Amino acid sequence: MGPLRSVVLAGGGTGGHVYPLLAFADCLRRHDPGVRITCLGTPRGMENDLIPPHGYELRQIPAYQLPRSVNMNLVRTPGRMWTAARAAGKVIDEVKADVVVGFGGYVSVPAYLAAWRRELPMVIHEVNVPPGVANRLGMKFTKNIAVGFPHQPSQAESLRDATIVGVPLRRTIAGLDRYALRNAARAHFGLRPDLPVLFVSGGSSGARSINLAVSGAAKELARNGVQVLHVMGARNEPVPIPTDLPVPYVTLPYLSEMELGYAAADLMLARGGAMTVAEVAAIGLPTIYVPYPHSNQEQRRNALPVVEAGGGLLVDDAEITPDWLERTVIPLIRDPQRLYAMGAAAAAYGRRDGDEALRSFVIAAVAR
């Protein structure tokens, strides 16, 4: 098998699908600047804001929300699903794709169906347990399943034979030296270089329960010399922060350069999304995880192995209060030895080579 000449990447809707897709595209291009990379997306997904600015071709196709259960009747009955598959197939044929690599999201389904009808090699990358509904459907058409975390094959029957490759991460994060960039990152945000920093982010949408708890603890954190870098979330109503605090408390609606936040931080407070877990574990950032409660608990399953390895703490959303934060964060963030041990444990669990490992897996799948 020669080098990959043309690759179709499918994944959209949320950052958890788009960011690993972009990191993998960057990896392919590093190895071969001439490879053709075509990304499939929908008109409304987050991919429209992220993929074109990175210099990759984005082709929009119709995609539809799927019912939560996956069976073959799902793909046999709706005519609109085949309409979407035909649109994906037209792109696949036009670019003469060697392989389709899917990262989940509704746009992946038409790509999987089109690849299956053409008997084209197909690879699925999954980061959650249980797998998302789009990837569960795709798994009926291929055995080339790659996963991001070691716990996944043992927790989902459909992932039992999957290959663990890690999560493709942006090079700015995979190559991050937190300590080397720390002073510059703190200066960037207007934080003092000599006091510890708590970095707070509830994901791209934010997390109101986390925002309220941290703002409620702001005075006590500041009184103990703890600075806060707080990403509120672009879709969240800002919460009031006390004024005249003795140390900096910096708020942002959104942060695209997460590596700067990670570098500035001694400790992070975050949800348990797969990308967040993969990133903070890879760079060895101690993290307090507050999994999103209104779901099938995949965020808890993402974070728990890192916590069990010693790389962080886990607290239920209902338990996250100003008092809990004051009792937990202040002694922890003022204990450099404990933070160092937690960071080392997180880094031992995490991995920085998910993009390279997935590329090797895809090349092997195409060769088969």
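Modeller: The domain assignment, whose bounds come from an automatic or database source, gives domain 1 (6-169 + 352-367) and domain 2 (172-349). This is a predicted model, in which local features need pLDDT of at least 70 and side-chain atom pairs count only at pLDDT 80 or more, while totals for chains, interfaces and linings use all residues. Residues are numbered from 1 along each chain as its sequence is written, and side-chain values use heavy atoms, with hydrogens and water left out.

Colleague: How far apart do the C-alpha centres of domain 1 and domain 2 lie?

Modeller: The two centres are 30 Å apart. The contact, meaning heavy atoms within 4.5 Å, takes 17 residues from domain 1 and 19 residues from domain 2.

Colleague: Which residues have the most contacts inside the largest nonpolar core?

Modeller: In soluble globular proteins, nonpolar side chains tend to be buried together. A nonpolar core is a set of buried Ala, Val, Leu, Ile, Met, Phe, Trp, Tyr and Cys residues joined through side-chain atoms within 4.5 Å; buried means under 20% relative accessible area, exposed over 50%, and partly exposed in between (1.4 Å probe, protein chains only). The largest core here has 69 residues, and those with the most contacts inside it are Leu9, Val101, Phe199, Tyr262, Leu358 and Val362. Helix α12 (residues 274-283) supplies the largest share of this core, 8 residues. Helices (H or I, at least four residues) and strands (E, at least two) are DSSP runs numbered from the N terminus. Both domain 1 and domain 2 contribute at least three residues each to this core. A second, separate core of 34 residues includes Ala10, Ala88, Ile92 and Ala162.

Colleague: Where is Ala88 placed, and is Ala88 buried or exposed?

Modeller: Ala88 belongs to helix α4. Its relative accessible area is 0%, so Ala88 is buried. Setting aside neighbours within four places in sequence, Ala88 is in contact with Leu40, Ile61, Pro110, Ala111 and Ala114.

Colleague: How do the axes of α4 and α5 cross?

Modeller: Axes are lines fitted to C-alpha atoms, for helices over the stretch in contact, and angles run from 0 to 180 degrees between N-to-C directions. The axes of α4 (residues 79-94) and α5 (residues 108-117) come within 8 Å and cross at roughly 70 degrees. The two helices are therefore roughly perpendicular, a class that spans 65 to 115 degrees; under 35 counts as roughly parallel, over 145 as roughly antiparallel and the rest as oblique. Among the residues that meet are Met81, Trp82 and Ala85 in α4, and Val109, Leu113 and Trp116 in α5.

Colleague: Which peptide bond is cis?

Modeller: The bond from Val129 to Pro130 is cis, with omega near -5 degrees. Pro130 is found in the loop between β5 (122-126) and α6 (133-138).
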